[in-house]
Amino acid sequence: METVIHVDERLRRLREELTRLVREGEDEEGIRLRSLLAEMERLEALRRELRAWRMVA
């Protein structure tokens, strides 16, 4: 199982990649951007779940 720290690190790397894509104007069709945003949403949901689970434990 992933820890909140691992998820936070993956989210940080995703944000960096998103920033770079937007800044450099790559991915004109937005395919990579949509993929990264979907992964970010999934990780943020996982982080919320992990934190809620930690509060119960």
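This is a predicted model: local features need pLDDT of at least 70, side-chain atom pairs count only at pLDDT 80 or more; totals for chains, interfaces and linings use all residues.
Residues are numbered from 1 along each chain as its sequence is written, and side-chain values use heavy atoms, with hydrogens and water left out.

Let me start with the helices, which are DSSP runs of H or I with at least four residues, numbered from the N terminus. Helix H1 covers residues 4-24 and helix H2 residues 31-56, and they pack at an angle of about 155° with axes 9 Å apart, the axes being lines fitted to C-alpha atoms over the stretch in contact and the angles running from 0 to 180 degrees between N-to-C directions. H1 and H2 are therefore roughly antiparallel to each other, a term for angles over 145 degrees.

Turning to the core, the largest nonpolar one has 11 residues, including Val-4, Leu-11, Met-40 and Leu-50; such a core is a set of buried Ala, Val, Leu, Ile, Met, Phe, Trp, Tyr and Cys residues joined through side-chain atoms within 4.5 Å. H1 and H2 each supply at least two residues of this core, and H1 gives the most, with 6 residues.

Finally, Leu-50 lies in helix H2 and is buried, with a relative accessible area of 5%, where buried means under 20% with a 1.4 Å probe and protein chains only. The C-alpha atoms of Leu-50 and Glu-2 are separated by 8.5 Å, although these residues are 48 residues apart along the chain.

Key: Angles under 35 degrees count as roughly parallel, over 145 as roughly antiparallel, 65 to 115 as roughly perpendicular and the rest as oblique. Buried means under 20% relative accessible area, exposed over 50%, partly exposed in between (1.4 Å probe, protein chains only).
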